[in-house]
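Hi there,

Here is the structure I promised to pass on. Please have a look at it first, and then read my notes below.

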Amino acid sequence: MIEPVNVSLGSLNLITLAPMLIPIIGALLILVIDIFKGGLDKTLFVVISLLFLLMDFSALIDSAGIFSQGGTVMGVFNVMLIDGLAILSQFIIVVASMLFIPLALTHKRFHEFSYPEFFALFLFMIAGFQFMVATDNLILVFVGLETSSLALYTLVAMHNRDKSFEAAVKYFTMGALAAGFYSFGAMVFYALTGSVEINQIATVLAANKYADIAYVLIGVVFMLASFGFKLSLVPFHTWAPDVYEGASASMAGFMSIVPKIAAFVVAMRLFEFLIHSGVVWLEIVLYIFVVVTMTAANIWALVQTDVKRMLAYSSVSHAGFVMAAILIGTTQSNSALFLYWILFSFTNLGSFSMLWISRQKHLPEHQRSDHTYDKFAGMVQTSPVAASIMGLFMLSLAGIPPFALFWGKLYLISSAVTAGYTILAFIMVLNSAISGYYYLKLIVYMFMKEPLMGNDGHVYVSNATTALKSIIGFAAIGTIFAFIALNPLLEFITAFIYNSGY
Amino acid sequence: MMEIGLNHYLVLSTILFAIGLIGVMRRKNLLLLFFATEILLNSVNIAFAAISHYYGDLTGQLFVFFVIAIAASEVAVGLGLLIVWHKRHGNIDLDHMSTMRG
Amino acid sequence: MIDHILSILIFFPALAAMLGFIIHKDSIRAYGVAIATIEFALSLWLWFLFDSNVSGMQFMEQLPLVPSFGINYILGVDGISLFIVILASFFTMIGLASLTDTKNIKNMIITLLFLQMTMVGVFVALDAIVFYVFWELSLVPMLYIIGAWGGPLRIYASVKFFLYTFTGSLVMLVGMLFMAYYYYQATGTWSFAILEWYRLILPEAFQLWLFVAFFIGFAIKVPMFPFHTWLPYAHGQAPTIGSVILAAILLKMGTYAFIRFSLPMFPDASVFFMFPIAILAIIMIIYTAMVAYAQEDIKQVVAYSSVSHMGVIILGTFALNVEGITGSIFLMIAHGVVSGALFLLVGVIYDRRHTKMMSEFGGLAHVMPRYATIFGLMLMASVGMPLTINFVGEFLSLLGFYKQSHILTILAGTAIIVGAIYMLTAYKKMFFGNVTNEENRNLPDVSKRELLALIPLAIITVWLGIYPKPILVPINNSVASIVQLMHDKSTTEEAKKRIPNLVKGEDVKTLEKEAH
Amino acid sequence: MFEAIAFYLFAFLTTLMFFITVTTSQALHALTALAAGMIFISAFFFILGADFLGAIQIVVYSGAVMALYAFGMMFFDTTREVKEKNGNKYIVFGLSIISAVLVVVIFAAPIVTNNIKALYPMVKGAGNTQELGMVLFTKYLVPFEVAAVMLLVAMIAGIVLAGKKMDLSLTLMSDAEIIDAKKEKTKKVLQ
Amino acid sequence: MEIYLYIALFSPLVGSLFAGLFGASPRTKIAGIVPSLLLFTSFLSSTVLLVYILGGGEKVHVEMMTWMAAGDLYIPFGFVVDQVSVTMMMVVTLVSTIVHIYSIGYMDHDKGFNRFFSYLSAFVFSMMILVMSDNFAGLFIGWEGVGLCSWLLIGFWYHKESATWAANEAFIMNRIADLGMLIGIFLVYWSTGTLQYEQAFAAMSGLDKEVLTWIGIFLFIGAMGKSAQFPLHTWLADAMEGPTPVSALIHAATMVTAGVYLVVRANPLYDLIPHVGLFIASLGAFVALFAASMALVNRDMKRIIAYSTLSQLGYMFVAAGLGAYWVALFHLMAHAFFKALLFLGAGNVMHAMHNELDPFKMGGLRKVMKGTFIMMTLASVALAGIYPFAGFFSKDLILEVAFVEQHYIIYSVLLFTAGLTAFYSFRLVALIFHGEERYKIFGIHPHEAYKFMLVAMSPLLLLAIIAGSFKMTYFEMVTAMLPATEYHLHSVVTYWIMTIGTQLFVILAIAFAYKKYANNKVKVPDGTSKIENNLCYKVLSNQYYIPYIYEEYLVKPYRELSSVFWKEVDMKVVDATVDGIAGIIYSSGEKTRVMQSGNLSTMLKWMVTGVIILLSLAVVFGLTARYSGEIKAILSGLGV
């Protein structure tokens, strides 16, 4: 017979659930409100979402306080794992989401924002990501991942036009395959260690002295494939450009940040201990991944004719760049990952938002996609401020100092140098140089070409509202003045990473 | 040979997984493609159950439980997407779905 | 104010540029000139406050930026950088004053003011990252200037310029990170402060690698053969003001960086690479001079001549003695003045005829005698006529390098021959002979505004040629301390031998004599 | 012995069914084969003592999922023969066979099972469902709840995507059209 | 005395600037007069200084200010007036004053009158710096300065292609030599630590022979350029494209002698390295003969005089090379007078003949141009070295030096050259002033030059006649500084035989020239006569084909190589590599973008492919790890 289980409420550490529960509650609230009174304006839901994200944020601050005093906290039968990684990544997730949500307040009406469900799904998704990063249990990771992914597929599709359906279907199908890979990988680890908790896996493998290295590698392969999909590593990246193109620009910006940081955290938890245990194979394979992803995505970005697609490939490249941090696996590199991603999120959200405010509903005859380069030709003449800001984001993405992303690159490359990955460091900088070309291409179009006939510049801000402008302004300020916040940020991140044992 | 061990299940699981992969790769009809993804998940389920059995540990069964839940959710969303697409285009053939490329 | 004069020098133009957005475009030129003049006055004031007898850094400022990673906002100026800063502000002023009417003049002026910020920043930064920030940032305004106001191939040229230098500097960045890491290993703290790095004595093998990494960044900027091909395009396509600033200031960043970074940080590697680099420099000198000779476009002639002269600067730098380095720094200033003036002059004729092909001209001396005179003066300065500014630099550079190698100096000395060949030929094609093209018949001579820019340059050219002392003394003092540092730091026999030890020499006495 | 026979039998059957599923050109056959395969898989669960899972497998897969698919199939009208253009079959088969062979090669070797201790060991005398329930509502309470959220998400997603509101695309309509459509809608929908 | 030094030095500069002020204005006499007056002032100051030095005064040494100081290097603007420099100053200021005054007339109708005086005075200033500097760097300033002015003045008529071409040629060729000079200076600096003459020469005695030799060679290379020694001689003849006063001043009297001055100035150095000195002397002798031979057949009045200058420079180098510095300097001075006179006379003729230069097209001009005729004849006599004219004292002295030093080959070459000199000088005089009035065919109405021009020339005439009488005064003065070797033959008989022999030889040559050219039978050569088709004649009249060789084998290859460097190397190799790398990156993107076919099935296949690749890697690695023991055993069994 099974013994009844006695659990004291205190030992559950239910507080660890607070940050995830808040958005879920928010989502439910939105759904309930919608049931009682339909047809409410999107502004209401935006504000509610924002409020709950804000609460989520304060809950995170609380967790951060607890962490910085008492270190890592396990909760709810040790499923929840609130360590520095979890807190940092949740910060990024929540803040990026807060920056994203106001983008719904466009001047033009877009389909998805007319649904209260959109916001509910969005909050569910956030919760899913939060669960994903705040555990080392592969089951919860999987469930969290799927929750957020399913919500994300829907959010993409809700943009409601052919391209977005196509994007969603592609994303979904590949996601299903990746889910298969994930479960297979988890199965292998489970077969090896009898556990699905990463620290337990690590312990058992270490105790066995990696006797079953071949099995471990199989597991790693499938895990790599599934996270490769989520992180859009080549050749699992193929969804990225299409989905980014199909989704609304704001959603694309969101997708380039939040899902990836969640995946990075899990990848870090999973691969870091393997690398540290001297699984050379993984090191080599990650190395190849990093290099191929950076380079290939870069050279594909070179040949794009659409800015959004270019940014999609560039995001892929950036993901490869950051993957190097996991490969390197030192405290510095892991800190660099977060630093990079924080800075990247400002810049990338900013640049996608710039695309978003220039979104047209109906494309003119000569324009083949939403954001062709041609569309931006001569932008500086008609809307100089917008052009300057866009140029700023491009420069930041290219890694021109002193804009935000430069510091991320600096620290990341420094970590490569420090850890002895000299050649990797050089490959990274050379890729930065290549990437310079396509970012520059947009600048060239904006600043050095003549506008197309009949372009009076209205199009660039046609979708702008105060909310969108403030978001962009915020991103721009963050991009320019990143260096001021850099030191506290770096100290904060390093402390958190270090105290989490990474 | 006659003694069925964990490896037998693992091999079976792998073979089924490979069949699933074949399906994923060769199916052009999205609905049928989704069938193949179900096969993938199911193949893994067998292995989980087997491991769980041989180790005397329940976690594997729980994993299977969650995988089934996930598979069911995926079906819902997947079919939803297919319905939208089908409403617009009257087909669910993925060869008709390549407006974005390059 | 004195304590923060360098910060003011850097950020005043940037702030002014921001405010410039408000100003109506009819008044923007006056605004730009006023700002540039104030900036120039400030830089002169800096010179006035500067103590020539101090060899180290002055007006140091320090502010933590990212202390946990050793990045600090450190500024300072010594004899080496002082005059390039002044030159930068001077040329911005001159450039703005002589700016001809172009489209989007407001953008142009704002961009120039931003550019000025970066230029000053590069030369006063004493933290490698701060240096790098300004170094990279300077590409952006230049990219815009070339790309937006340039010739038909402007986009190709500007992108090439940007990417080429960007690539090089990224490699340099890796070098910097390595350097910081070595510093970290040695001391346990991160630091990007250049003066801290000076104290680090690296094993020769490390030095060699780091030297190469830095070299790539600097060499592309200079630009050294074979990394020079972006320059003719950039100059060929850039508007006059762009070429002027590019030639006068931006190229100096590379050579300045050699002296600021490569020499004192890697003395052994400097000695090790001295001859290879000298050979590159000689190829630069002769080869580009010959290429310049073959050009059909007067601006390209000046552009290639720029490269050729940079070769002499490099050679002087790698003389690794006080004479040579002092000479190369002086030549940087001289080259700035002269090539800047030459580009302005080319701009004058381009504004009139909208062509730069020499075959379109001929006999201009009849039509535009004043123009021909100033051009002739600058031409003579460019070929290194004594009592012009260039000669002092070239003489000292070559003199310095002669200590290291006789044969190479003789080869490098052909600069004065090949230089004369292309310059005189070009001058002959443009100015001598009869007016063959009817369009040239009634060209107006240089206008007052153009004279406003050219006359000061002419005066400087001659004045510093005759009396270079006020500049040479501070440069000399700072260089002497660097050379001594190099000598003390060097570890190999060869380096000890090649880099003179100044302490026991009578040199100090000479300096004292000088000071009085 | 019995176990072995059962294993090989069901292994053969599932493999066959799934193989049919992925190869047949008749959608109906595929669906049927899939359903059958699912049921055969539940047999493994029973063999392995995971009775609860076996039940779930039949209920969820063969019941709910298959029903959904059947519905979908009718909706998409794919009951007739499916024409699929396949580019290079060899690539497909080649890749899959290689992958299978590779994994099999490794799995053919025994796994080292030292140091493995069952974290949630099966308890003698308790039913499988009881055991699972115990673990599910303690340790895996949070995943369970998240799974609930996930199902909610899937539900909402299904409703939203398949719903009528998606028929009109605000994304593609101009403002004027939207206003017109709204008036229409208030008449029709909000009555 | 310093004040005189400064006046002497800077008056020309002031004059130049003054004239330069009028550069853009129309022709005005004042722009010519003021510089001339200032030059005269300079001349007077120089005279004061000369008197002071002659009176046994200490040499005047001033340091005006620092020029360059870096490291150990210290170069001031220092000027010294000693016996050598004062001689040069006298020559320079005197000849230039005369040339200035002359030019007021000569350039009377030229548009660039003001400009001309500006340049000319600037030249004098540079020349003064050159001769007065107390260090090598200052010398180099002057050296380059005169080069610049020479460029400006040769190319003065810049509308003429030939003039600008000649200007550039002169400049560039000088530059080649200047490089040698510069290297010599560097070598001086690094071996002695200073560039001041005094300290440097003092330090040289302690130096290695080899180093000294190199210094000597490099400095002499510099001298070769300025003094147009072979093989850098071609520019001098071409430089005759400039206005004739320029030729008189720069290319006869002053600038071209700078090389000689340098060697004289560096006498402590060359004393230490007699083998280099011998080389200089031999080259000098060669050039003397070489240039004279070209003068024999030339048909350009100015070029003939230019070759004669070249030849005389050869003489000077012989003297300098053999250690007879004072003799060289003396000949330099004397030569300056009569050669300037000759050129100015030629200028008159040119004016009269409307810039016609071919003496065969003249003839019989003595009737219309009496003054010029006398002056040119006397100058030629002086050049030929007939007693008691200046040439006799200076030139014959060089012959004696060669003889006394027992360099008989040099001596005989020089002697032979003396005859040639006499011949071509009088060939010219005869062709111009005697014989039939051939110019009439060309419809030219010659006229004598302005009176004041002739008056201005007269001091030169006087000096050409009497300069020889200053020999002993001069000797006493300069030997305070230069080695005071007196060259006396062992016996008086030999001396007389030699002197009279030389005189006779020269007179014979003159007579032969007169016989051949001073008659009515001389026709304008049309390329058909027998002599013109003679090989020797062709070689000589084509200047030994040297300009042709330079053009074909140096200039053209340089031009072509430049073009190749630009179009082939720079564009197609260096730049193309860079663009190629960019292109490869771009095109690889273009080619591989098909991977993103947009087809979902392909995407899925890519994912599976990725997994398979990883799996294969894993299997390989895993198997290797598992069977590493076996593999090792097998490998060792195979003997690996």
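**What I found**

Of the 502 residues in chain A, 72% are buried, where buried means that 20 or more other C-beta atoms, placed from the backbone, lie within 10 Å of the residue's own. Before you go on, note that this is a predicted model, in which local features need pLDDT of at least 70 and side-chain atom pairs count only at pLDDT 80 or more, while totals for chains, interfaces and linings use all residues. Residues are numbered from 1 along each chain as its sequence is written, and chains are lettered from A and ligands numbered from 1 in the order in which they are written.

**Chain A**

Chain A has 20 helices and two strands; helices (H or I, at least four residues) and strands (E, at least two) are DSSP runs, numbered from the N terminus. Its C-alpha atoms fill a box of roughly 75 × 60 × 40 Å along the principal axes. Among contacts in chain A with a separation of 6 or more, 81% are between residues 24 or more positions apart, a contact being two residues whose C-beta atoms, placed from the backbone, lie within 7 Å.

**How the chains meet**

Eight pairs of chains touch, and the most contacts are between chains B and D. There, 73 residues of chain D are in contact with 62 residues of chain B. On the chain D side, α3(D) gives the largest share, 12 residues. By class, that side has 57 nonpolar, 11 polar and five charged residues (Ala, Val, Leu, Ile, Met, Phe, Trp, Tyr, Cys and Pro count as nonpolar, Asp, Glu, Lys and Arg as charged, and the others, Gly among them, as polar).

The contact between chains A and B takes 33 residues from chain A and 34 residues from chain B. In chain B, α1 (6–26), α2 (30–55) and α3 (59–89) each supply at least two residues of the side that touches chain A, and α3(B) gives the most, with 15 residues. This side of chain B divides into 23 nonpolar, eight polar and three charged residues.

Chains B and C have no contact, and their closest C-alpha atoms lie 24 Å apart. Chains C and D do not touch either, with nearest C-alpha atoms 35 Å apart.

**A hairpin in chain C**

Strands β1 (residues 58–66) and β2 (residues 71–77) of chain C run antiparallel and are joined by six bridges; strands pair if DSSP finds at least two bridges between them. Gln58(C) has Val77(C) as its bridge partner. Four residues lie between the two strands of this hairpin, and Gly70(C) in the turn has a positive phi of about 75°.

**Core and chain E**

The largest nonpolar core has 830 residues, and those with the most contacts inside it include Ala324(A), Leu81(B) and Leu414(E). Such a core is a set of buried Ala, Val, Leu, Ile, Met, Phe, Trp, Tyr and Cys residues joined through C-beta atoms within 7 Å. Beyond its neighbours within four places in sequence, Leu414(E) is in contact with residues including Ala285(E), Tyr315(E) and Ile398(E).

In α5(E), 19 of the 19 residues are buried, so this helix is largely enclosed by the rest of the structure.

Best wishes

Definitions and conventions: Buried ≥ 20, exposed ≤ 12 C-beta atoms within 10 Å, placed from the backbone.
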